[in-house]
Amino acid sequence: MNLCPQKSLAGWQSETYAAASMPSATLISAQSFLVDRIVPDCEVIHLPSADVPGGILKYRIAVSAFRSQERPRRLKFVPAQNITAPDGSIIFDFRHHSPGNWAHLLTMHLPLLFHISEQLAIPWQQALILMPKSAPRYARRALAMFGLKTLFTDDIVHGAGVEIIADPWQCFWPVRPDWATTHSVLSALHAAIAREDRQLPRRILLLRRDTRTLTNSADIVALTEPLGFEVVYPEDYTPAEQAAFFMNAEAIIAVHGAGLAPLLYRTKNSAHMKLVELFPCGHITSVFRFIATQTNTAWVGVRGKLRPEYVKPAYRLSKPYRRFSLDNFEVDPRSLMLALRKLEIAA
C-alpha cells in the first residue's frame with residue numbers, strides 16, 4: 001500500500017514487524033446430518049494455529065499535495081479543486097482503504113495515527129485528519145471522541161503532512177493493539193466514557209439490523225436472556241459507550257462485523273472477557289479472533305446454517321468467496337449453547 005508518489009526514501013523512518021502467531025481455536029457449526037446420517041449433530045471444527053504476516057512501514061513529514069483515493073464515482077472525471085491546509089496543521093490523509101467503515105477506521109487508520117504521531121512528536125492538536133466528504137456520521141463521531149481535527153473533502157489538499165508507505169497494508173496487525181492502548185489514547189477514551197451516564201450491561205448480545213441479521217433472533221434471545229444477556233444494537237450507543245462494552249463486559253455474543261472493532265482497545269491487562277462470534281457462512285474471517293488473542297479475550301466461533309447456494313462456490317478455490325458476505329443467516333441454538341459451555345458461560 002503506497003500513499004505517496006515513489007520518491008527517494010531520504011528522511012523516512014522505517015519499521016519492520018515480524019509475523020505473529022495466532023493460536024488454534026474452535027468453530028462450531030449448526031446441527032446437521034453431515035456429521036452422522038442417522039443422528040444429526042454439530043460439527044466442532046478445529047481451527048489450526050496460523051501466522052499473521054508482518055511487513056514494513058515507512059513514514060515521514062513532507063510538504064505535498066494529498067489526493068483522495070476514495071473519490072466517489074460521480075467525481076472521477078470532474079477535476080478536483082485545490083485547497084490549502086491551515087497553517088501549523090500536519091495532514092494525515094485517511095481517504096483510502098474505506099475509512100467510512102467503522103471497523104477499518106478504529107482498527108487500522110486510527111492506530112496508525114496514534115503510533116506515527118507519537119514517533120514524530122506530533123501533538124494531536126496539530127493533526128488534521130482528511131476524510132471523504134461522504135464519511136458517515138458514526139465515523140465522524142469516532143474522530144470527535146478523540147478530539148481530533150478533521151476535514152471532510154474529496155479535493156486535493158496542499159500542506160505539510162505525513163506520507164506513508166505500508167507493505168502490505170496490514171503489516172502492523174501484530175503490533176497495533178500496543179498503538180491503540182497507549183496512555184494518551186486510553187486517557188482520551190476514558191474521558192469520553194466518563195461523560196456518558198448510561199448503565200451498560202455486563203453480558204451483551206450484539207446484533208445487527210440491516211445486514212447479517214439473525215433470521216431466528218427470537219430463538220437466540222430466548223436462549224441467552226436467562227443467562228443474563230441483554231440485546232444491544234451498536235448504532236443505538238455512542239462511540240464511547242461502544243468502547244465501554246468491551247472494557248467492562250464479562251461476556252459478549254456478537255454477529256461478526258464492525259460492532260466488534262472496539263475490541264482492539266482492550267489492554268493486555270484488561271479483565272478477562274469471553275467472546276462468541278457469530279458468522280454467516282459467506283463471511284468467515286479470523287480478524288477478530290486474532291485481536292481476541294492479543295487482548296486477554298477467550299474466543300469461540302459459531303457458523304450459521306448452510307444454504308444450498310453456498311456449497312458449490314465454497315469449493316471453487318481459485319475464486320474469491322465474497323458473494324454471500326452480507327447475507328442474513330440463522331444460528332442453531334444448539335451450536336451456540338455448545339460455544340457457551342466451552343467458554344464456561346453456561347452449564
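The buried residues of helix α7 are F288, R289, F290, I291, A292 and Q294, where buried means under 20% relative accessible area, exposed over 50% and partly exposed in between (1.4 Å probe, protein chains only). This is a predicted model, in which local features need pLDDT of at least 70 and side-chain atom pairs count only at pLDDT 80 or more, while totals for chains, interfaces and linings use all residues. Residues are numbered from 1 along each chain as its sequence is written, and side-chain values use heavy atoms, with hydrogens and water left out. Helices (H or I, at least four residues) and strands (E, at least two) are DSSP runs, numbered from the N terminus.

**Helix α7**

- Helix α7 spans residues 287-294 and is largely enclosed by the rest of the structure, because six of its eight residues are buried.
- The helix lies across β3, β4, β15 (273-279) and β16 (297-303), and it runs at about 160° to β16. Axes are lines fitted to C-alpha atoms, for helices over the stretch in contact, and angles run from 0 to 180 degrees between N-to-C directions.
- N296, which follows α7, has a positive phi, near 55°.

**The seven-stranded sheet**

- Seven strands form an open sheet with mixed pairing, in the order β4-β3-β16-β15-β14-β12-β13. Two strands pair if DSSP finds at least two bridges between them.
- At the edges are β4 (44-47) and β13 (230-232), each of which pairs on one side only.
- From one strand to the next, the twist averages 25°.
- Four bridges join β3 (residues 25-28) to β4 in the antiparallel sense. T26 has H46 in β4 as its bridge partner.

**Aromatic rings and charges over them**

- The whole structure holds 13 aromatic pairs. Rings of Phe, Tyr and Trp (its six-membered ring) pair if their centres lie within 6.5 Å; planes under 30 degrees apart count as stacked, over 60 as edge-to-face and the rest as tilted.
- One of the pairs is Y321 with F324, a tilted pair at 5.9 Å centre to centre with 55° between the planes. Y321 is partly exposed at 27% relative accessibility, whereas F324 is buried, with a relative accessible area of 5%.
- Y17, W169, F172 and W179 are linked into a cluster by ring pairs.
- R140 has its charged end over the ring of F152, 3.9 Å from the ring centre. R209 lies over the face of Y233, 4.0 Å from the ring centre. A charge sits over a ring if NZ of Lys or CZ of Arg is within 6 Å of the ring centre and within 35 degrees of the ring normal.

- L57 is in strand β6 (residues 55-66) and is buried, with a relative accessible area of 0%.
- L57 and L112 lie 55 residues apart in sequence, with 9.9 Å between their C-alpha atoms.
- N216 is in the loop between β12 (203-206) and α5 (217-224), and it counts as buried at 7% relative accessibility.
- The side chain of N216 reaches the backbone oxygen of V331 at 2.7 Å. Leaving aside neighbours within four places in sequence, N216 is in contact with F329, E330, V331 and P333.

Conventions. Polar contact = N/O pair within 3.5 Å; in protein donor to acceptor, adjacent residues only side chain to side chain. Contact = heavy atoms within 4.5 Å.
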